[in-house]
Amino acid sequence: MIVVAYLILWTSGYHGVYDARTAFAYGALISSVDPVATLTTFNHLNVDPLLYILVFGEASINDAVAIAIFDTLNSKSIGQIDQGFAVGWKVVELFCGSALLGLALGIAYILTL
């Protein structure tokens, strides 16, 4: 995400994005696309299930971080937020919520078998 944001700022003369907030928001948004493409490729190639699960776990955390950073950068002005705490709390909130939802749906599925 940081690399993408700095590349956007470095090449701002070509596309007109001069705002760091916009560059980092785009970097956060685009960073969650890479694991999805990887998982799709893994699914197509029928890779080892353990590798698929490991990449899926990393992608889940990556998505939570990307959503938290994107939401934090777009919710308030930069001067009004304690960025470290806000992003950290949002990541924990999204990750735990996703894990609990997945656990609940898994239990519901098992009970219906």
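Helices here are DSSP runs of H or I at least four residues long, numbered from the N terminus. With that in hand, Ser-12 turns up in helix α2, which covers residues 12-15. Keep in mind that this is a predicted model. The protein chain has 6 helices and 0 strands, and along the sequence the pattern reads α-α-α-α-α-α.

**The chain as a whole**
- Of the 113 residues in the protein chain, 21% are buried.
- Take the contacts between residues at least 6 apart in sequence: 48% of them join residues at least 24 apart.

- Is Ser-12 buried or exposed? Its relative accessible area is 9%, so Ser-12 counts as buried, given that the cut-off for buried is under 20%.
- Leaving out residues up to four places away in sequence, Ser-12 touches Val-17 and Tyr-18.

**Helix α5 on its own**
- Helix α5 runs over residues 49-75.
- Several residues of α5 are buried, among them Val-55, Ala-59, Asn-62 and Ala-64. Further along, the buried residues include Ala-66, Ala-68, Ile-69, Thr-72 and Leu-73.
- Gly-57 is also part of helix α5. Its relative accessibility is 30%, so Gly-57 is classed as partly exposed.
- Gly-57 and Pro-35 are 22 residues apart in sequence, and their C-alpha atoms are 10.0 Å apart in space.

**How α3 and α5 pack**
- To describe two packed helices, you give the angle between their axes and the distance between the axes.
- Helix α3 (residues 20-31) packs with helix α5 at an angle of about 155 degrees, and the axes are 8 Å apart. That angle makes α3 roughly antiparallel to α5, because angles over 145 degrees count that way.
- The α3 and α5 crossing is left-handed.
- Which residues of α3 meet α5? They are Arg-21, Phe-24, Ala-25, Ala-28, Leu-29 and Ser-31.
- On the α5 side, the residues they meet are Asn-62, Ala-66, Ile-69, Phe-70, Leu-73, Asn-74 and Ser-75.
- Sorted by class, this contact of α3 with α5 has 8 nonpolar, 4 polar and 1 charged residues.

Key: Residues are numbered from 1 along each chain as its sequence is written. This is a predicted model: local features need pLDDT of at least 70, side-chain atom pairs count only at pLDDT 80 or more; totals for chains, interfaces and linings use all residues. Side-chain values use heavy atoms; hydrogens and water are left out. Axes are lines fitted to C-alpha atoms, for helices over the stretch in contact, and angles run from 0 to 180 degrees between N-to-C directions. Helices (H or I, at least four residues) and strands (E, at least two) are DSSP runs, numbered from the N terminus. Angles under 35 degrees count as roughly parallel, over 145 as roughly antiparallel, 65 to 115 as roughly perpendicular and the rest as oblique. A crossing is left-handed if the near helix is turned anticlockwise from the far one by less than a right angle, and right-handed if clockwise. Contact means heavy atoms within 4.5 Å. Ala, Val, Leu, Ile, Met, Phe, Trp, Tyr, Cys and Pro count as nonpolar, Asp, Glu, Lys and Arg as charged, and the others, Gly among them, as polar. Buried means under 20% relative accessible area, exposed over 50%, partly exposed in between (1.4 Å probe, protein chains only).
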